[in-house]
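Here are my notes on this model, written for someone new to reading structures. Please keep the viewer open as you go through them.

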Amino acid sequence: MATNNAEYNFTEIEKHWQNVWDNNRTFATEDIKNTDKKKYYILDMFPYPSGAGLHIGHPEGYTASDIIARYKWAKGFNVLHPMGWDAFGLPAEQYAVKTGTHPAITTSANIDNFRKQIKSIGFAIDWDREINTTDPNYFKWTQWIFLKLFQRGLAYVDEKPVWWCPALGTVLANEEVIDGKSEVGKFPVERRKLRQWVLKITAYADKLIEGLSDLDWPDSTKRLQTNWIGRSEGAEVDFEIANSKAAGKKLKIFTTRPDTLYGATYMVIAPEHPLVDELVSDENKEAVENYKKQIASKSDLDRTDLAKDKTGVFTGAYAINPVNNKQIPIWIADYVLMSYGTGAIMAVPAHDERDYDFAVKFNLPIIRVIDKKNADGSDIALPFTDVGSMINSAQWDGTPSLEGKKKVTEMLEAQGLGKKSVNYKLRDWLFSRQRYWGEPFPIVWVSQQAYKLAEQSGKWNLPKEAVSCKNENSETVYALPIPEDKLPLELPKIDNYKPAGTGESPLANATDWLKVKVNPETAEIVQASECENTEGWFDGIRETNTMPQWAGSCWYYLRYCDNTNNNALISPEAEQYWQYPDFYIGGAEHAVLHLLYARFWHKVLYDCGVVKGSEPFKKLFHQGIILGQLEYTGYKKDGEFVTASRANEEGVEAVKLTENDVEKVGANFALKTDKSILVDARSFKMSKSRGNVVNPDDIIAKYGADSLRLYEMFLGPLEDQKPWNTNGIEGVSRFLKKVWREYIDVETASVNKKIVKDAQDSPELLKALNETIKKVATDIENLRFNTAISQMMIFVSVLQKQKQVSLESASKFVQLLAPFAPHMCEEIWERLGNNGSVAKAKWPEADESKMQNVSNKIAVQVNGKLRGELVVDASMSKDVIIENAKAIENVKTFTEGKTIVKEIYVPNKIVNIVVK
């Protein structure tokens, strides 16, 4: 028992029970070797432990999963409900650059704070399963998975464009670039190609699409992934270059509309296309170079924005349209990306919106080749992007578009000018960062001679095709994998976390760690400084890039199942028992990054035989965002308030208002002083810059963790976006205090005298209790926590009316409330004399028989005035109830000799007999 106090002292109660759960390991998952229980694995998307700690939106999803976990424990499942930390990341490294503090120290402090905050909310987590992606015992297996990708030919090296800041001498992440300038110092940035590791996720594109059909995921998330992968069928077409230094070479394009080829009047290539320098004529060279510099600081998103003004430069070169042999000009424009398709397009302005806008601006030909008429017989307006019949297309005139696609593609294949093809929007995954704080790649770069000897030895797990690149001396070097028994490869301790200034990570300055000796015949790698006998050994250089933050989160759900295993990522026994999370909850913002990357890695592990199923997350749910509190804005003109609809008028200025200045009027808010003047009321996403972040620590200190949990679940449907309102938590706080008073005598601190061990419960209470048991269970299963809470509030209203309640019934309700408000319920459960934790008590079953035929007293009125009372039950029909009401002596006094005009029955409330 936490306290002898009569009052509900949530601070003492919550601290006490959190200590009990910790000390007793209440929520430790049972050893799979010693249990015959069914498993239930519930998983939260693990957090990045930032220095800011949790904000009030974080506990929403965690509370939902916790309610389910506690419910499943009570239903007899062996529950795995773990927590861990996605702890590699840019902020800790930025802090290290500024202060010299090792990122591991900062990260550890942040994790301690997050853990303390999460424990303070009372989550039923198995802390023995805690993982940390920066722990060498964890990233050993991240590196091991990378080696599997490497060995299967799914990891390669390529030069890819990154954000480079010349003033800072470093590569920047996307989030560090704002409006074409560095976040720190506001220096100009540009695109520069650097050597990067890339994962061949496109090899799994079809499998990633096909696997979605069997998943219990939100349809919107499935659509996002399908669209992100972007599978499209069409044709690859070769356009021969007619002039310039590239004459005779071919520009390959992909099109989903080969039926529009006759309407291609120009071509566009990306500014980064490898043939640009050969295509550009001398007179156009300066203009092209200036254009390339102009767009160097633009992001892909900016470049492809449909609403932006179209820009471009003519190269001076021409290509030959293969279907009609006409020469068409080749332009450079930023709306074509090298990262999508082939980096070149055929432009058909009559049937593509961007091509049309570009052609209009630069006065290029527009030829209609797909015909469609309006109802009046006139030509449909251009650009027309739908299907119709082919025109101006030689022998194909009159052919329907869909048939034309097939016919034109067959013609191109027959002439060797193209072929049927499938294209994907999905690009291979750029999988490296020029940073210190990340998983080191388990790769050493060696000479060709050393690699050949390694191949001949047969002692290295090498891919079929060697991975190579040029080093700083323009020599070709080859990638050798570190032997698996030498993992993990840990980061070296360094004094300076600033990038090398060459585009490489700070690891490039860690000379002692960087230089190794390799014996390709014995598969040995040692530090160069430790190698005394160099005969038969070759020089090697460790990889200086590190893995991105996504790496550790791609497989963490597997490690929770077997987190102390030093010999395998997961044992076959643990994998067979736990298989995959039964329920996965997290934000929708991860739909196409984390969720797609994790599915890719899982499918590779499936192909490697590590896991038995091909999908990691069978059931997925996205909780809605909790926004900041409503913010109110009024509008004034000439010093007088005007209604919000006039906000955009000239001379109108915005005025910030407080909650005390406004009042809700219907669906809107208006000035208290003049309700005809509406104001703007809206919520915004919580952010430091907006100053609307709510710290859960403050709420817990004032209202308690149980109130916080209950309020976040009571705000509305879990999937909905909803605003926080600190004043709103008062209601659920009062509800919990009401429950406390029903169970605990506030004067004596003992159990309320109305709770009697063998009391005979009223039919009304039993009906309400069993309805509540049924509804709470159903609502938990269906994630309708707000309606479950409403039902429990209804029950407490019934409970308040009872003179006596049996200990059994009183205890059952505590069990229902316990997943939502666990601290208070543990305290009441123990005070009632029950054994063990309420969390492990068997979940009560609803008795359907107790939900029927319950008597209820209703009012009987004549012309709206009370003339008697009647006891009714569920078995009585409306006609019987009205006849019994009319038979009451006092009712007869007011109805006899009069005409009954209407007989009204409101079920379980009133009968009203209208007479004249």
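1. **Ground rules.** This is a predicted model, so local features need pLDDT of at least 70, side-chain atom pairs count only at pLDDT 80 or more, and totals for chains, interfaces and linings use all residues. Residues are numbered from 1 along each chain as its sequence is written, and side-chain values use heavy atoms, with hydrogens and water left out.

2. **The whole chain.** The protein chain has 916 residues, and 51% of them are buried. Buried means under 20% relative accessible area, exposed means over 50%, and partly exposed lies in between (1.4 Å probe, protein chains only). The C-alpha trace spans about 110 × 85 × 60 Å along its principal axes. The secondary structure comes to 27 helices and 41 strands. Helices (H or I, at least four residues) and strands (E, at least two) are DSSP runs, numbered from the N terminus.

3. **An antiparallel sheet.** Look for an open sheet of 4 strands in the order β6-β5-β9-β19, with antiparallel pairing. Two strands pair if DSSP finds at least two bridges between them. The edges are β6 (170–172) and β19, each pairing on one side only. Strands β5 (residues 155–165) and β9 (residues 190–199) are joined by 10 bridges. In β9, Val-198 stands opposite Tyr-156, and Leu-194 is the bridge partner of Lys-160. On to the next strand: 2 bridges join β9 to β19. There, Val-198 stands opposite Leu-430.

4. **A parallel sheet.** Another open sheet of 4 strands has the order β2-β1-β26-β27, with parallel pairing. Strands β2 (78–80) and β27 (620–621) stand at the edges with a single partner strand each, so one side of each has no neighbour in the sheet. Strand β1 (residues 39–44) is joined to β26 (residues 583–585) by 3 bridges. Leu-43 stands opposite Tyr-584 in β26. As background, strands of a sheet pair through backbone hydrogen bonds, either parallel or antiparallel.

5. **Aromatic pairs.** How many aromatic pairs does the structure hold? The count is 48. Rings of Phe, Tyr and Trp (its six-membered ring) pair if their centres lie within 6.5 Å; planes under 30 degrees apart count as stacked, over 60 as edge-to-face and the rest as tilted. Why is the pair of Trp-21 and Phe-27 edge-to-face? The ring centres are 5.7 Å apart and the planes stand at 65°, so the pair is edge-to-face. Trp-21 is buried, with a relative accessible area of 7%. Phe-27 is buried too, at 4%.

6. **A pair across the chain.** Phe-88 and Trp-437 are also edge-to-face, 4.9 Å centre to centre with 70° between the planes. This pair links distant parts of the chain, 349 residues apart. Phe-88 sits in the loop between β3 (84–85) and α3 (90–99), and Trp-437 in the loop between β19 (429–430) and β20 (443–446). Phe-88 is buried at 3% relative accessible area, and Trp-437 is buried at 4%.

7. **A ring cluster and two charges.** Ring pairs link a cluster whose members include Phe-146, Trp-197, Trp-429 and Trp-601. Elsewhere, charges sit over rings (NZ of Lys or CZ of Arg within 6 Å of the ring centre and within 35 degrees of the ring normal). Arg-191 lies over the face of Trp-163, at 4.2 Å from the ring centre. Lys-618 lies over the face of Tyr-580, at 4.7 Å.

8. **The cavity.** On a 1 Å grid over the protein atoms alone, a cavity is a set of points where a 1.4 Å probe fits but cannot get out; a pocket is an open set with protein on both sides within 12 Å along at least five of seven lines; lining residues have an atom within 4 Å of a point. Grid points are joined across faces, edges and corners, and a volume is the space filled by probe spheres set on the points. The count is 1 cavity of 30 Å³ or more. The largest cavity holds about 60 Å³. Its lining includes Arg-70, Tyr-71, Gln-815 and Trp-843. Helix α2 (residues 58–74) gives the most to this lining, with 3 residues.

9. **The second largest pocket.** This pocket holds about 790 Å³. It is lined by 34 residues, and Arg-195, Lys-470, Asn-471, Glu-472 and Glu-504 lie nearest its centre. The largest share of the lining, 5 residues, comes from β25.
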